[in-house]
Every structure is written in C-alpha cells, then in structure tokens.
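This report describes one protein chain for a reader who has not seen it before.

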Amino acid sequence: MSVKRLINRCPAWIFSIIVVLAILYLTLVPRPLPELDIPLFPGADKVVHAIMMMGMMWCIALDLMRHKSLSSAVAPKSRLVIALLCTIAFGGAIELVQGAMKMGRGEDIYDFLADVIGAIIGYVVVVIVWEPLVRWLQDE
C-alpha cells in the first residue's frame, strides 16, 4: 500500500488527534521520558516547544487537505488562521495548566513564545506547500 493511499484511508482528524494527545502527554506528565544523560544545549526545550506546535499546525492542515470540501488547490487561509489561533491558544493553555498543576513544571512565558513562533512557522510552511501537497494527495 502506498503512503498516499494510507494517508487518505486514515479516519478523519486522526493526525490532529494523535499529535494533540502526544503534546498533552509530553507537557503534562511530570516525567514523560526516561532520564537520559544526553547533554542538551541551553534552550533546547524551547526548540521542542516550537517543533510541537509546528507539528500540530501541519497535522491540522493535513487533516484539512484530506477533507473533501476543503481539498482545493487554494489554501483555505481563513481556516488556517483559525487553526493557527487555536494552536497558539492550546500552547498558552498548556502553560497555564502546568502552572496550576504544581507538578514541578511551571508556566513559562518563553515556552509560550516558542509555541507561538513554532505555530507561525508551521502556518507559513503550510500555506507554501498546500497546493502541491493537495495535488499529490489527489493524484491516484
């Protein structure tokens, strides 16, 4: 089975659901990954925040592309802006919940700024690749 066919046969919104659940796990569980003795550069967690929100934007866009009424070659910019705002709000909500949970992880404005930057980069990339990706997905 081809990758294209596999992507098109997946249930609606599955990519967005999976990435949201993964982000919730990684950000709200006190120790989501085992301790690794890998030295990271300062600010590595900010890069991870940006990548998570960028990935969320990409998955929402992929799910929109797969939606029959939105799968035109022209990017639905109004819906993508709504997705961008929701992604940014999601990142902010995670920071607020982290602060409220008192689990050793507090809210951090710089994490939120990284979320915003990642979501915006994701939006820009989606707008640029929308047309060729929709054509590729529809080409059988």
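Asp-63 and Arg-66 are both buried, where buried means under 20% relative accessible area, exposed means over 50%, and partly exposed lies in between (1.4 Å probe, protein chains only). The two residues form a salt bridge whose closest N and O atoms are 2.8 Å apart; the term stands for a side-chain nitrogen of Lys or Arg within 4 Å of a carboxyl oxygen of Asp or Glu. Both belong to helix H3 and sit 3 residues apart, about one turn of the helix.

Leu-64 is also found in helix H3. Leu-64 counts as buried because its relative accessibility is 6%.

## Basis of the model

The model is predicted: local features need pLDDT of at least 70, side-chain atom pairs count only at pLDDT 80 or more, and totals for chains, interfaces and linings use all residues. Residues are numbered from 1 along each chain as its sequence is written, and side-chain values use heavy atoms, with hydrogens and water left out.

## Overall layout

The protein chain has 5 helices and 0 strands. Helices (H or I, at least four residues) and strands (E, at least two) are DSSP runs, numbered from the N terminus. Read from the N terminus on, the order of elements is α-α-α-α-α.

Along the principal axes, the C-alpha atoms fill a box of roughly 50 × 35 × 25 Å. Of the 140 residues in the protein chain, 39% are buried.

## Salt bridges

The structure holds 5 salt bridges. Lys-46 takes part in a salt bridge with Asp-45, the closest N and O atoms being 2.9 Å apart. The side chain of Lys-46 also meets that of Asp-111 in a salt bridge, at 2.7 Å from N to O. This second pair links distant parts of the chain, with Lys-46 in helix H3 and Asp-111 in helix H5, 65 residues apart.

Asp-45 is partly exposed, at a relative accessible area of 38%, and Lys-46 is partly exposed at 23%. Asp-111 counts as buried because its relative accessibility is 7%.

## The largest pocket

The largest pocket has a volume of about 680 Å³. On a 1 Å grid over the protein atoms alone, a pocket is an open set of points where a 1.4 Å probe fits, with protein on both sides within 12 Å along at least five of seven lines; lining residues have an atom within 4 Å of a point. A volume is the space filled by probe spheres set on the points, which are joined across faces, edges and corners.

The pocket is lined by 20 residues, and Pro-32, Leu-33, Leu-40, Asp-45 and Arg-105 lie nearest its centre. Helix H2 (14–28) and helix H3 (44–66) each supply at least two lining residues. The largest share, 5 residues, comes from H3. The lining divides into 11 nonpolar, 4 polar and 5 charged residues. Here Ala, Val, Leu, Ile, Met, Phe, Trp, Tyr, Cys and Pro count as nonpolar, Asp, Glu, Lys and Arg as charged, and the others, Gly among them, as polar.

## A nonpolar surface patch

Val-3, Ile-120, Val-124, Ile-128, Val-129, Leu-133 and Trp-136 form a nonpolar patch on the surface, with about 600 Å² of accessible area together. Patches are made of residues with over 30% relative accessible area and no salt bridge; like charges are joined within 9 Å, and nonpolar side chains (Val, Leu, Ile, Met, Phe, Trp, Tyr) within 5 Å. Accessible areas come from the Shrake-Rupley method with a 1.4 Å probe, and for residues only the protein chains shown count as cover.

Helix H5 (residues 109–138) gives the most to the patch, with 6 residues. Leu-133 lies in helix H5 and is partly exposed, with a relative accessible area of 30%.

## Two further residues

Trp-13 is found in the loop between helix H1 (3–9) and H2. The phi of Trp-13 is near 65 degrees, a positive value in a residue other than glycine. Most residues other than glycine have a negative phi. Trp-13 is partly exposed, at a relative accessible area of 35%.

Leu-21 lies in helix H2. Leu-21 counts as exposed because its relative accessibility is 55%. Leu-21 and Val-116 are 95 residues apart in sequence and 19 Å apart in space, C-alpha to C-alpha.
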